[in-house]
Amino acid sequence: MSTKAQIVLGIESSCDETAVALVASDRTILAQQIASQVSEHAPYGGVVPEIAARAHAEKLAPMLDSVMREAGLTLADCDAIAATAGPGLIGGVMVGLVTAKALAMASDTPLIAINHLEGHALSPRLADPELEFPYLLLLVSGGHCQILLVEGVGQYRRLATTIDDALGEAYDKSAKILGLGYPGGPKVEQLARQGDPGAVPLPRPLKGSKEPHFSFAGLKSAVLRAKESQHNSARPEPVEGREKPVHTSTGSARTGFAYSDADIAASFQQAAIDCLIDRLEHALDRIDTPPNLVVAGGVAANQSVRSALEELASRRAMGFTAPPMALCTDNAAMIAWAGCERLPLGQFDPLDVSARPRWPLDPDAEPVRGAGVKA
Ligand code: KG4
Ligand code: ZN
């Protein structure tokens with residue numbers, strides 16, 4: 001006997017994307033919209049919290065209206081309202097959560113307060129019905145870089161985190177150093193395609209360390225030094241045999257003993273990937289190998305990262321799952337889906353649930369120096 005799919009309305013507003021989605025428990029995305037605030041924040045080179053909160057407040061209600069119309073549904077058709085309640089920029093989180101509370105109260109529908117990281121962590125299961133618990137998750141976004149053992153809904157064991165910058169943050173800062181603008185991740189990836197990943201010797205922080213964690217601040221600083229000494233005759237480290245014509249970021253060919261912006265981007269990306277793989281190997285050496293390696297979060301949209309992880313998984317005889325691109329960066333379908341996962345477990349929240357700027361997925365995890373949380 002088939003049971004009727006349940007429907008969850010999801011709201012995401014923790015950073016610079018205002019997003020609304022209607023998702024059914026049979027994994028159908030009934031309708032969704034994402035309004036990026038890139039143009040609002042671009043002049044500042046990064047997300048400005050108050051601008052973000054104001055933009056969410058302006059965009060959310062009309063988007064809710066239009067998503068409901070697109071799906072041909074009303075609030076009465078929804079079985080729960082799920083909203084990101086943290087972690088993130090608190091002004092934006094409050095806009096989304098308070099809106100969800102008002103809708104839940106007005107329609108007498110249960111409210112589910114979702115941890116944004118849980119949205120990312122469960123997003124691969126929205127795309128892949130075959131993906132069962134447990135799985136080893138690399139969660140790589142603008143605010144976080146963690147290795148988690150996902151054992152079930154609400155059961156997350158953090159095996160590693162960053163002691164300073166998140167990887168997405170390092171991508172964004174490197175993009176700024178290279179004058180690529182904001183948001184930087186996709187731009188660095190694109191430029192790296194034209195560069196030589198071995199051209200610029202960059203550090204691999206914590207590679208080979210007995211500690212399980214990540215560190216990317218030193219890598220970002222090395223990118224800055226590489227950029228500063230790009231056109232000097234003195235190079236940061238000698239690299240044999242690279243006396244050849246290079247193309248600058250402006251595209252003009254010139255000769256000299258130097259490297260291009262594309263070389264810096266490619267070398268940065270290779271160093272970051274080497275760190276990811278080394279830290280995952282470290283984690284895998286210390287646990288019973290779960291059947292699947294999974295990646296989620298904004299940096300999971302990166303093709304080179306995905307390929308390196310796929311190769312690691314096959315070397316370790318694990319399956320590999322990465323959500324489709326649209327589910328990697330922030331979206332509301334993953335928040336609605338986390339609601340779909342919590343709904344049958346009766347995990348609802350009261351109307352006075354708090355918005356939380358910080359909210360670890362694994363409350364038992366040892367704090368590390370640095371903390372590694374952006375907001
Ligand atoms: O998950 P997300 O949308 O927001 C957070 O929860 O932080 O991740 C955004 C981050 C940004 O730092 C962005 O530069 C990075 O993900 N990102 C990428 C790519 N696409 C997005 N980094 C590397 N390569 C990409 N293709
Ligand atoms: Zn995110």
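Is cysteine 275 buried or exposed, and what is its relative accessible area? The views below take up this residue and others in a predicted model.

**View 1. Cysteine 275 and the closest cysteine sulfur, in cysteine 145.** Cysteine 275 is buried. Its relative accessible area is 2%. The closest cysteine sulfur belongs to cysteine 145. It lies 9.3 Å from the sulfur of cysteine 275, so the two are too far apart for a bond. A disulfide needs the two sulfur atoms within 2.5 Å.

**View 2. Cysteine 340 and the nearest cysteine sulfur, in cysteine 78.** Cysteine 340 takes part in no disulfide. The sulfur of cysteine 78 is 10 Å away. Cysteine 340 counts as buried, at 7% relative accessibility. A search of the whole structure turns up zero disulfides.

**View 3. The zinc ion (ligand 2) and its donors.** His116 (NE2), His120 (NE2) and Asp330 (OD) coordinate the zinc ion (ligand 2). The distances run from 2.0 to 2.1 Å. Along the chain, the donors follow the spacing H-x3-H-x209-D.

**View 4. Histidine 120 and aspartate 330, a pair that links distant parts of the chain.** Histidine 120 sits in helix H4 (residues 116–127). Aspartate 330 sits in the loop between helix H10 (325–328) and helix H11 (333–342). The two are 210 residues apart. Histidine 120 counts as buried, with 1% relative accessibility. Aspartate 330 also counts as buried, with 14% relative accessibility. Both values fall under 20%, which means buried here.

Definitions and conventions
Residues numbered from 1 in each chain as written. Chains lettered and ligands numbered in written order. Predicted model: local features only at pLDDT ≥ 70, side-chain atom pairs only at ≥ 80, totals over all residues. Heavy atoms only, no water. Buried < 20%, exposed > 50% of the residue type's maximum accessible area, 1.4 Å probe, protein only. Donors = N, O, S within 2.8 Å, 3.2 Å for Na, K, Ca; no water. Helix = DSSP H or I, 4+ residues; strand = E, 2+ residues; numbered from the N terminus.
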